[in-house]
Amino acid sequence: MAEEERALLGSAGGDDGGVSPELLRSLPSACDPRRLPHRLIVLTLMCFLGFGSYFCYDNPAALQTQVQRDMKVNTAQFMALYAWYSWPNVVLCFFGGFLIDRVFGIRLGTIIFSIFVCAGQVVFALGALLNTFWLMNAGRFIFGIGGESLAVAQNTYAVSWFKGKELNLVFGLQLSMARIGSTVNMNIMGWIYSRVQDLLGYTGPSTLGLTLMIGGITCLFSLMCALILAYLDKRAEKLLSKEQGKTGEVIKLTDVKDFSLSLWLIFVICVCYYAAVFPFIGLGKVFFIEKFKFSPQEASAINSIVYIISAPMSPVFGLLVDKLGKNIVWVLCAVITTLASHIMLAFTFWNPWIAMCLLGVAYSLLACALWPMVAFVVPEHQLGTAYGFMQSIQNLGLAIIAIAAGMILDTRGYLFLEVFFSACVCLSLIAVVMLYFVNHLTGGDLNWSAKKREKLQKAAVTEAEEQERLRRQNEDDLAKLRPKADDFSLRNKYLSKLGAQLPDNYCSYLSTMAHRSVLK
């Protein structure tokens, strides 16, 4: 500890803000920001940073029966809990990166967004305790303000601490931890409700509110991770003289007019596909209870299988797509598989584990193949705008579809709801086919193999290097043509600086101009 104090004091008082290598080497490996043990501690905190947010996001899905019964609401009102989460993110997706980069900074921004998540969950639980459903909606709105922006902050921390090939693994681990949070929620919240019911001796808003408050402990845990991570990042900044992490996002709404048809089709695929996945999971537990006569525990388990499969498969599919390319083909396979799973759930009584496992595989594959395609069709300076717009319309679509799904279920039942979800997937399928032909006709690279893309990228780099070589050669040739300074011109420049009046024919500038005219 004494060495660490001297290091930190030295960083504060030094001219360059850094510390000597000797002091850094004297730190234990778990305390040295450059060494693997310390970075593993930071990685663990990063992964748990979003655990509470993902755990509490699907609290309504895990407690659908209890929420509707205790709060006396229909399915449309129940699904509004998801809509209210999405509404603020229709706008905040554009400004989350800006707030982190320009207003709060990564450390303060992460803490603020974590506080919003905690406050939203507390208000959500208080709404249940006070039997006030509009207060529950307000809590979900506050929760949404912090949820998506916290994910941006989490990614920014990852980019700040890890580089190169490490970054792909870090992103995969963060995604896996998020899916684990959702899975644990699906399988444990019903059990917590039962234990609170046994403790109080009755069901009702109070039981529901206490259950949600207990679930909010995970948000407090994530807030603690944010505080510790902020301290470690500040400490590393002093020790290593490194800057705060930044998102690097540049949002210009005027770039929207330059978006290509391929990009708009990617947006359509994104909205229509996820509209058939997340709202279905939100309503899935009761669906499996009513149609397949599952127990609540079995229904929770099968409803969470999509997230369980996604946790280990997302990194695997990411590596597969990176190695093979052909992104459109992979997206097409994922959409067709998702359509098949919804048709099986709608029109058959086959074991639903088959359909849900297919849905989990397809969901993981689509995420790995679809989102990287944006970078292939958009210039680098427009990536922030493109991803922000994609997330914005995704949240807008999820908000609208969630309310529509609840209304369909209240009036027509689960068969019509599954037909509706199948129709959404069909729209996504049409968009994928159109994207294939548009990409083919315009000579795009969305469906190139990885080897072809790597070969052309190397050719482009070689061409750029050749152009740079020619440019430098031209500059050298021009430099050789310039007149060299002789003793006469140097003498005249010296006299001019002294204030001496020189005849016009002695002016070095005029003599140089004359020399150039002769060269021409």
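A: Both Asp 233 and Arg 107 are buried, where buried means under 20% relative accessible area, exposed over 50%, and partly exposed in between (1.4 Å probe, protein chains only). The model is a predicted one, in which local features need pLDDT of at least 70 and side-chain atom pairs count only at pLDDT 80 or more, while totals for chains, interfaces and linings use all residues. Residues are numbered from 1 along each chain as its sequence is written, and side-chain values use heavy atoms, with hydrogens and water left out.

Asp 233 and Arg 107 form a salt bridge, their closest N and O atoms being 2.7 Å apart; the term denotes a side-chain nitrogen of Lys or Arg within 4 Å of a carboxyl oxygen of Asp or Glu. Asp 233 belongs to helix H13 (residues 217-240) and Arg 107 to helix H9, so this pair ties together parts that are 126 residues apart in sequence. Helices here are DSSP runs of H or I with at least four residues, strands are runs of E with at least two, and both are numbered from the N terminus.

Arg 107 also forms a salt bridge with Glu 237, again with the closest N and O atoms 2.7 Å apart. This second pair links distant parts of the chain, with Glu 237 in helix H13 and Arg 107 in helix H9, 130 residues apart. Glu 237 counts as partly exposed because its relative accessibility is 22%, whereas Arg 107, at 10%, counts as buried. Through shared partners, the salt bridges join Arg 107, Asp 233 and Glu 237 into one network.

Another residue of helix H9 (residues 106-129) is Gln 121. Its relative accessibility is 2%, so Gln 121 counts as buried. Not counting residues up to four places away in sequence, Gln 121 touches Cys 56, Asn 59, Phe 143, Leu 212, Gly 216 and Cys 219, a contact being heavy atoms within 4.5 Å.

Elsewhere, the side chains of Asp 70 and Arg 69 meet in a salt bridge at 3.2 Å, N to O. Asp 70 is buried at 5% relative accessibility, and Arg 69 is partly exposed at 41%. The count of salt bridges comes to four.

As for the setting, the chain has 25 helices and zero strands, and 49% of its 520 residues count as buried. Among contacts between residues at least 6 apart in sequence, 78% join residues at least 24 apart.
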